[in-house]
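Thank you all for coming.

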Amino acid sequence: MAVNAIDVTDLTIAYKDKPVLWDVDMEVPSGTLMAIVGPNGAGKTTMIKSILGLIKPAAGQVLVYGKPYAEQRHLVGYVPQRGSVDWDFPTSVLDVVMMGRYGALGWLKRPGASERVAALDALDKVGMKSFAERQISQLSGGQQQRVFLARALVQDAQLYFMDEPFQGVDATTERAIVTLLQELRSAGKTVVVVHHDLQTVPEYFDWVTMLNVRRIACGPVSEVFTDNNLRKAYGGKVAFLSAENGKH
Amino acid sequence: MSAQIEIMLIASIVAVACTLPGVFLVLRRMAMMSDAISHTVLLGIVIAFFITKSLTSPLLLVGAALMGVITVSLVELLNRTRLVREDAAIGLVFPAIFSVAVILISRFAGDVHLDTDAVLLGELAFAPFNRFKLFGLDFGPEALYTTGGILALNLIFVIVFYKELKLATFDPALAAALGFLPTVIHYALMTLVSLTAVGSFDAVGSVLVVAFMIAPPAAAYLLTDRLSRMLVYSALIGVFSAVSGYWLAYFLDASIAGSMATMTGASFLISYLFAPERGLLAQARRRQNQRIEFALTMLTMHIANHTAAQEAEIENEVVHLNEHLKWTPQFAMEVVGIAERNDLVTQRNGVLTLTESGLRRASQEFNN
């Protein structure tokens with residue numbers, strides 16, 4: 001049996017005495033495109049951050065391709081929320097994309113010509129090559145997201161985490177991003193996306209984890225993305241969805 | 001070397017040494033931390049002095065650096081309780097630590113060369129009197145070596161860890177995920193700020209340390225959009241402020257440190273007003289241009305809308321534009337003038353008609 005891309009067991013995370021994630025299990029097979037959905041405060045971002053070792057869990061274990069994250073860094077790419085950085089920072093688009101290569105370079109080594117080529121290549125893939133020399137503050141929201149995506153692409157990872165990549169982007173960019181994510185999956189990579197728009201889950205993703213502090217469900221979209229589970233995750237607030245998901 | 005040149009040289013070295021970590025403080029929105037650290041290091045010095053009974057012991061530097069890190073930790077601790085915001089936390093921590101140091105000095109060290117005036121304003125004018133002598137030879141003022149050492153340290157740190165500093169400042173989350181330990185980098189930077197503050201303020205005083213750390217980077221931030229250039233410009237602005245400040249003090253017969261600090265402020269003001277892209281004047285000019293561009297488009301569309309009808313005669317009369325487009329007569333005349341010069345409209349008997357390029361502009365706008 002192939003090893004899972006992610007194995008989360010009994011993960012519990014608390015801020016002070018308030019649990020953010022409670023005894024969560026999650027298994028993500030390699031080669032899936034997975035959405036993490038759940039209401040605000042359900043712990044979606046916390047989940048990603050704890051897998052990446054950015055938040056220390058109170059209890060539980062996280063394995064990435066069967067080993068602790070610290071040993072597997074080089075296999076993992078990360079796209080934080082667009083709003084988490086200062087877009088007025090004095091740097092160029094190309095420079096931001098090259099930051100994706102820093103992990104492979106390690107301490108002290110400087111990015112050179114090959115990093116530049118990789119970054120330009122990635123920018124080309126997201127349709128932003130002509131913006132390479134632009135100051136990042138001149139980008140629109142959708143362009144910022146594409147730059148972040150390009151930065152993840154140059155990481156050349158096996159497993160990608162993306163925190164709300166569709167937030168505040170226009171329809172064209174959303175389509176472009178989805179196509180790119182599906183290409184990554186076709187290339188055998190695993191992609192985990194914190195997602196907000198329930199309507200598009202069946203169309204974009206093949207695997208889904210539904211969270212609300214506890215794990216509600218985790219599995220193939222066709223099996224677990226049900227009205228019943230949605231109601232469990234969101235309370236009674238998703239009645240409007242039953243029309244789209246009437247197959248059960 | 002004459003005393004004048006020595007003073008300017010020391011001040012310039014301090015300026016560059018301060019701007020290097022200062023750039024990262026400004027980009028991390030931690031400018032006020034420099035103010036806090038440059039004062040609280042005094043307590044570290046005082047305590048280290050009580051232990052060693054010497055004002056020249058290197059332990060003083062260690063004590064100062066430790067106190068700087070403690071200051072940052074305390075501010076972050078307070079901030080993390082979410083009961084106090086960061087700016088208030090700085091305002092709480094720094095006077096508390098500083099005042100303890102002041103009390104200790106006034107109570108127990110009254111007879112030592114450790115007075116609070118010197119801490120705040122420095123003794124730049126006396127720096128050349130303190131010579132570094134070896135085997136009876138004069139190797140120049142001592143301050144030249146302490147500040148030079150600090151400059152070298154900062155320069156090496158920024159050059160060696162440039163990539164790591166940039167990533168940890170721009171995107172700490174990615175830095176952590178990639179294993180670049182942004183917290184360690186953060187505290188290394190804070191230690192450097194503390195060492196810079198303590199190594200410099202003996203020469204120039206803490207007010208000038210803060211001025212050098214913040215004003216040149218803030219000015220450089222408006223002049224460029226590349227980090228490497230921001231570092232270079234900050235250093236140049238720092239040196240300019242130091243040298244011009246010296247001459248300002250010379251001609252006014254005033255405090256040297258005060259004049260230099262004033263010049264850092266003046267440098268920032270110049271950049272704030274005249275920076276080619278982001279300065280106040282450039283912004284105002286851009287807004288004015290946008291206003292005119294928009295008015296020209298409105299004018300062409302207005303005329304295009306009313307060409308066919310008989311009303312053209314009335315609607316497109318220059319004197320009626322102010323009614324239809326809600327422009328003042330003055331502004332209407334100005335816009336029409338510009339439109340004519342740009343070959344967008346022609347005027348006959350006070351009635352406007354579109355030229356070909358004016359027509360193109362109007363229809364482009366419709367298709368958008």
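**Confidence, domains and a sheet**

In chain B, confidence is at its lowest in helix 5, residues 116–121, where the mean pLDDT is 61, and at its highest in helix 11, residues 227–252, where it reaches 95. This is a predicted model, and where pLDDT is low, the predicted coordinates should not be read in detail. Chain B as a whole averages a pLDDT of 85, with 90% of its residues scoring at least 70, while the model scores ipTM 0.86 and pTM 0.85.

Staying with chain B, the chain is divided into domain 1, which covers 3–278, and domain 2, which covers 282–367; the centres of these two domains, taken over C-alpha atoms, are separated by 56 Å.

Let me now move to chain A. Which residues of helix 1 of chain A are buried? They are A:Lys44, A:Thr46, A:Met47, A:Ile48, A:Ser50 and A:Ile51, and because six of the eight residues of this helix, which spans 44–51, are buried, the helix is largely enclosed by the rest of the structure. After helix 1 of chain A comes A:Gly53, whose phi is positive, near 75°.

Chain A also has an open sheet of six strands, in the order 5-6-7-3-8-9 and with mixed pairing. Its edge strands are strand 5 (76–79) and strand 9 (214–220), each of which pairs on one side only, and the twist from one strand to the next averages 15°. Within chain A, strand 6 (residues 159–163) and strand 7 (residues 190–194) run parallel and are joined by five bridges; A:Tyr160, for instance, has A:Val191 in strand 7 as its bridge partner.

Notes:
Residues are numbered from 1 along each chain as its sequence is written. Chains are lettered from A and ligands numbered from 1 in the order in which they are written. This is a predicted model: local features need pLDDT of at least 70, side-chain atom pairs count only at pLDDT 80 or more; totals for chains, interfaces and linings use all residues. Side-chain values use heavy atoms; hydrogens and water are left out. Buried means under 20% relative accessible area, exposed over 50%, partly exposed in between (1.4 Å probe, protein chains only). Helices (H or I, at least four residues) and strands (E, at least two) are DSSP runs, numbered from the N terminus. pLDDT is the predictor's confidence in each residue, from 0 to 100. Domain bounds come from an automatic or database domain assignment. Two strands pair if DSSP finds at least two bridges between them. Axes are lines fitted to C-alpha atoms, for helices over the stretch in contact, and angles run from 0 to 180 degrees between N-to-C directions.
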